[in-house]
Amino acid sequence: MHRRPTLADVAERAGVSRALVSIVMRGVAGASDETRERVKRAADEIGYRPDPRARRLRQHRSKLIGLTFEAGQEFHAALVDGVYVAAEGLGYDVILNAVTPHRDEPRALRTLVDDRCEGLVLIGSQLPARELIELASAVPLVVITRRVRGVDAVRSDDVAGAIAGMEHLVGLGHRRILYLDGGGAPGAAERLRGYRRAAKAARVPEMIRPGGLTEREGAAAAVAMLESTELPDAVFAFNDRCALGVMDVFIRSGVSVPQQVSVLGFDDSPLAGLAHIQLTTIRQDSAGLALVALERLASRLDGVVADGPAVDIVREPTLVVRGSTAAPPS
């Protein structure tokens, strides 16, 4: 294994002192332009790169943000990418720890704390509010996609998103709109509330069935619909993955989407816009949510609002109309 080049190696290559190399690498005064150019050229030639870990140790800060997310959730993956982009812009590095069927959230969080993360970003956390408040008292954190009183939170307006989806379907002429509920998932109660509020305003009957977060759960709900006496005009799924499961079963069973049944999702995950899917959905601004969350966390870590009260930051989702919804057959 090749040894990592050091400041001393750069100094030898450039023919200057190690102290002068340090001045150039730190970007402080004390070296001429000619010397800076010579040192940087020498560093490039031998492949020298500053060690961020050593710099953080000198600063007595890790500048690390720990991030938990649920593996397999398409929308969570989009948020992870947004967190990386936002963190880099704010001068922080990110350590990921996924929550899986064999690795629960508390274990993932313990690992991040043990890794000296200064702050935490929790995507779709399902920990009890009491535990989140207790954790926030020890480590600054932000929860994304869920409201938690007493903890900094960044989320979409799920009620408004569900209302927008319902208004779209009602506007197309649908009356029998089945909603597939998300159970205890973050945002599920708000989306159900939005559906009910919009159904009441439009004077259409409430049709609610357990749905879930995955394609498998959406598929199971679609099978149950096919076994009933009458299909709905439209299906509004808790999220895109659930909606995709519904579409798959319908198409395999000869039920055309949207000619016979319209299908609407929520999130605007990467799969939703694929040419052979074209899912109408409610878009959550993943990049915007991630940026606001990282700015809030950095403001605590950098001492701007270190002891300020917790905030609940809400962003508006938007309707994205594609090919999975249309007017009902006459």
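## Contacts and overall build

Among contacts between residues at least 6 apart in sequence, 66% join residues at least 24 apart, a contact being heavy atoms within 4.5 Å. This is a predicted model, where local features need pLDDT of at least 70, side-chain atom pairs count only at pLDDT 80 or more, and totals for chains, interfaces and linings use all residues. Residues are numbered from 1 along each chain as its sequence is written, and side-chain values use heavy atoms, with hydrogens and water left out.

The chain has twelve helices and twelve strands. With a radius of gyration of 25 Å, well over the 20 Å that the globule rule gives for 330 residues, the chain is more spread out than a compact globule. That radius is taken over C-alpha atoms, and the rule is 2.2 Å times the number of residues to the power 0.38. Helices (H or I, at least four residues) and strands (E, at least two) are DSSP runs, numbered from the N terminus. Along the principal axes, the C-alpha atoms fill a box of roughly 85 × 40 × 35 Å.

## Surface and burial

Of the 330 residues, 49% are buried. Here buried means under 20% relative accessible area, exposed over 50%, and partly exposed in between (1.4 Å probe, protein chains only). The accessible surface comes to about 16300 Å², and 51% of that belongs to carbon and sulfur atoms. These areas come from the Shrake-Rupley method with a 1.4 Å probe; for residues, only the protein chains shown count as cover.

## A cavity and a pocket

Search the whole structure and you get one cavity of 30 Å³ or more. The largest cavity holds about 210 Å³ of space and has a lining of 16 residues, with His76, Thr145, Pro186, Arg191 and Phe238 nearest its centre. That lining splits into five nonpolar, seven polar and four charged residues.

The second largest pocket has a volume of about 210 Å³. Its lining includes Phe69, Glu70, Ala71, His76 and Val99, and divides into five nonpolar, five polar and two charged residues. His76 turns up in the cavity lining and in the pocket lining.

A few terms: on a 1 Å grid over the protein atoms alone, a cavity is a set of points where a 1.4 Å probe fits but cannot get out, while a pocket is an open set with protein on both sides within 12 Å along at least five of seven lines; lining residues have an atom within 4 Å of a point. Points are joined across faces, edges and corners, and a volume is the space filled by probe spheres set on them. Ala, Val, Leu, Ile, Met, Phe, Trp, Tyr, Cys and Pro count as nonpolar, Asp, Glu, Lys and Arg as charged, and the others, Gly among them, as polar.

Val257 and Pro258 are joined by a cis peptide bond, with omega at about 10 degrees. Pro258 sits in the loop between helix H11 (240-252) and strand S9 (262-264).

Then there are two non-glycine residues with positive phi. Arg203, at about 60 degrees, is in the loop between helix H9 (188-202) and strand S7 (207-210), and counts as exposed at 74% relative accessibility. Gln278, at about 50 degrees, is in the loop between S9 and strand S10 (281-283); at 28% relative accessibility, Gln278 counts as partly exposed.

## A look at Leu192

Leu192 lies in helix H9 and, at 15% relative accessibility, counts as buried. Neighbours within four places in sequence aside, Leu192 is in contact with Tyr179, Asp181 and Ile208. Leu192 and Ala243 are 51 residues apart in sequence and 15 Å apart in space, C-alpha to C-alpha.
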